[in-house]
Amino acid sequence: MKVSIEISLYPLDRNYSDPIRQFIDRLNTHKNIEIKVQAMSTIIFGEYDSTMEILVKELKSTFSQEPTAVSIIKIVNLDLSD
């Protein structure tokens, strides 16, 4: 099943842009998802299982590195990449 996942990441730090860029850079290393970066969120597209695995892994990495961060995630079971 294909999914589209919209992610907004808000590190609660004055230097908020670096963790967001690092998160997006790590997402870009995964070849089995498509990524669309927008002004306030990033959308990833792919197969449900692998996309969720990637999301869990990369959010855990961000949360491990940042003292406090908020993530808002919306998931739809459609491929909205077109």
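## Salt bridges

A salt bridge is a side-chain nitrogen of Lys or Arg within 4 Å of a carboxyl oxygen of Asp or Glu. This is a predicted model, in which local features need pLDDT of at least 70 and side-chain atom pairs count only at pLDDT 80 or more, while totals for chains, interfaces and linings use all residues. Residues are numbered from 1 along each chain as its sequence is written, and side-chain values use heavy atoms, with hydrogens and water left out.

The whole structure has four salt bridges. One of them joins Glu 6 and Lys 74, at 3.2 Å from N to O. Glu 6 belongs to strand β1 and Lys 74 to strand β4 (residues 69-76), so this pair ties together parts 68 residues apart in sequence. Strands (E, at least two residues) and helices (H or I, at least four) are DSSP runs, numbered from the N terminus.

Glu 58 in helix α2 and Arg 26 in helix α1 are 32 residues apart; their side chains meet in a salt bridge of 2.6 Å, N to O. Both Glu 58 and Arg 26 are buried (buried is under 20% relative accessible area, exposed over 50%, partly exposed in between; 1.4 Å probe, protein chains only).

## Nonpolar core

The largest nonpolar core has twelve residues, including Ile 7, Leu 9, Phe 23, Leu 55 and Leu 59. Such a core is a set of buried Ala, Val, Leu, Ile, Met, Phe, Trp, Tyr and Cys residues joined through side-chain atoms within 4.5 Å. β1 supplies the largest share of this core, four residues.

Apart from neighbours within four places in sequence, Phe 23 is in contact (heavy atoms within 4.5 Å) with Ile 7, Leu 9, Leu 55, Glu 58, Leu 59 and Thr 62.
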